[in-house]
Amino acid sequence: MNKIIKTLKVLAIYVIIIGYIVVALFPVLWIVFNSFRTLAEIFSTKLNLEITPTLKNYIEVLFIFQGGAFLKDIFNSFAIASLSTLVVMLMALPAGYAFSRFEIKYKENLMFFILTTRMAPPVAFALPLYVMYTRLGLIDTHVGMVLIYTFFNIAFAVWLSKSFFDEVPVEVEEAAMVDGCTRVHTFFKIALPLASRGLIATALLSFILTWNEFFWAVILTRGNARTFPVSLTGFVGAPRLRYDLMTAASTIGIIIPITLAIILRKYLVRGFTFGIIKG
Amino acid sequence: MKFKSTPISLKYAPILPVLVFILAFAIFPLAYAIVLSLQNLVLIRPGEATFVGLRNYVYALTEPRFLMALARTFYYSFLSVTGSFLLGLALALLMHREIKGKSIFKILLIIPMVITPAVVGYTFKFMMDTSIGVINHIISYCGLPRISFLGDPVLAIHSIALVDIWQGTPLVLLILLAGLESLPKEPFEAALIDGARGLRLHLNITLPLLKPLMLFVILIRVMDTFRAFDLIYTMTAGGPGTSTEVLGFYIWRMGLSYFRISEAAAMAIIMFLIIQVFSLIFIKTIQRARGGAAA
């Protein structure tokens, strides 16, 4: 009897967890599924799972709709996310290392000060930055976007890389320095390689966050430097309701963040919590 | 000892670029926002801006639409944080045991977390559509009347909160699960010997141990929901009427759609202060919960 209750309990737990995962994944599957359907199937007015597999939505969104503007936006996203990640890491790696290793005055305060810039509501910076960007001619430029995303990512990148440098044993570095290595040498030859997995995860996460970012892209781009999330507004924003194009574009756009996230899954929770919590 | 002998220049040089960057992109804009909020600048109106004192703040705090947006933001944040927290906590407790396929479940849960919020917004707008949305197809298949999730002024904000719960829950779940898995074993063993089981074990042992982490998760979620913009913009654009205008969205509309920059700046400063006060209280509470240890 006891055994039956126990089996039932385990079964119930599985049903709940799997049920939840189905709900969590359904919207993603629905988008991908619909991206291969015909217009009539997508706009069906009753429950209907028919599919006549087609690539028409993809071809139209990539090459035909507005002369292939979406493809250009995807390239923009890629270029802007890569470049800003590079700039972020060039600044965050030395800073994270310094915060991890050196005795710096007001270290805690400085670290928290950096973090508050990320926790503050972006709209507070948006108005003055919009005026500044307009005056400097940075609106809708790639340089402007790389700069804003560097700001957007720098705080968590510093925190996260500090937490990864913290895990490199100090003794290894001390030994190297006793052997005559300079501090700069130790950083490149010992700390960087030993913390490399976590640091790569930091860079990938910075890429994902930039790739997905919407608020700044809406405010600061028009067409030239427009990124993928803003591209979507052209399909479903009034007066258009092109769910056929939206599903195909979305499917293309979410491949990169999902793939990268699965690669860095071990570090993801830590990344999303700025490295404050290890997970 | 080596570390103390590091020259000052080498210690501070690596941090300097970060600080300069933050100065340029956070401190200077914030100072500029305060200046703007004391002027009467309208971007599309020619002519010099003049100082008007605290008029914009008085305007903001007496304007019903702003106050409504403020109240709505609290309400939306409350719904969304409570929903995702309770769901995430319950699922984390369920998953915290030996179950087959746990690592696969964890990988699958990452997916909703990292999907572009704009995609999430448009996907749910599509799925919640009254005539072509799959959720309504299922509802009507069950013989129930179709629901106007985003077209009804009362329902719309709740529908958006539901979507935010959908996207926010996996992070709560994964953080709390990681926390549960790293809790010390001893208190549990002792309690088991004392005969504590199930819910009582959780209430007496698990939850108190997990408290600092739970507070931290709530803090992250509050910050996240308080600056809601992407879902609002993509799903309803503040509508129907102004029924889903939350603070971030309304300030953006005021400043960059109506170009009333100065009034918007005053509102943004008010919002900034609310968040700062809130996060300060929260961080202090977390520190106290950890027994004074650094957060």
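Visitor: In the largest nonpolar core, which residues touch the most other members?
Guide: This is a predicted model. Its largest nonpolar core has 204 residues.

Visitor: Leaving out residues up to four places away in sequence, what does I148(A) touch?
Guide: Within its own chain it touches L129(A), Y133(A), W216(A) and L220(A), among others. The list also includes a residue of chain B, F25(B).

Visitor: In chain A, which residues lose the most area to chain B?
Guide: Together, the residues concerned account for 8% of what the chain A side buries. They are Y20(A), M119(A) and L127(A).

Visitor: Is T116(B) buried or exposed?
Guide: T116(B) is placed in the loop between α5 (102-114) and α6 of chain B. Apart from neighbours within four places in sequence, T116(B) is in contact with residues of chain A, including W211(A), F228(A), I254(A) and P257(A). Its relative accessibility is 0%, so T116(B) counts as buried.

Visitor: Which residues of helix α7 of chain B are buried?
Guide: This helix covers residues 134-141, and what covers its buried residues includes α1 (2-35) of chain A and α6 (117-127) of chain B. The buried residues are V134(B), N136(B), H137(B) and I139(B).

Visitor: How far apart in sequence are the parts tied together by D73(A) and R226(A)?
Guide: D73(A) and R226(A) form a salt bridge whose closest N and O atoms are 2.9 Å apart. D73(A) lies in helix α4 (residues 69-101) of chain A, and R226(A) in the loop between α11 (215-220) and α12 (228-236) of chain A. D73(A) is buried at 0% relative accessible area, and R226(A) counts as buried at 15%. The parts tied together are therefore 153 residues apart in sequence.

Visitor: Is E181(B) buried or partly exposed?
Guide: The side chains of E181(B) and K102(B) meet in a salt bridge, at 3.0 Å from N to O. K102(B) is in helix α5 of chain B and E181(B) in helix α8 (residues 155-181), 79 residues apart. K102(B) is buried, with a relative accessible area of 15%. With a relative accessible area of 34%, E181(B) is partly exposed.

Visitor: Which residues make the nonpolar surface patch of about 670 Å²?
Guide: One of its residues, V15(A), lies in helix α1 of chain A. V15(A) has a relative accessible area of 56% and is therefore exposed. The patch is made by M1(A), I4(A), I5(A), L8(A), L11(A) and V15(A).

Methods:
Residues numbered from 1 in each chain as written. Chains lettered and ligands numbered in written order. Predicted model: local features only at pLDDT ≥ 70, side-chain atom pairs only at ≥ 80, totals over all residues. Heavy atoms only, no water. Buried < 20%, exposed > 50% of the residue type's maximum accessible area, 1.4 Å probe, protein only. Helix = DSSP H or I, 4+ residues; strand = E, 2+ residues; numbered from the N terminus. Contact = heavy atoms within 4.5 Å. Patch = residues over 30% accessible without salt bridge, like charges linked within 9 Å, V, L, I, M, F, W, Y side chains within 5 Å. Areas by Shrake-Rupley, 256 points an atom, 1.4 Å probe, with all protein chains shown as cover. Salt bridge = Lys/Arg side-chain N within 4 Å of Asp/Glu carboxyl O. Core = buried A, V, L, I, M, F, W, Y, C linked by side-chain atoms within 4.5 Å. Buried area = accessible area lost by both parts, 1.4 Å probe.
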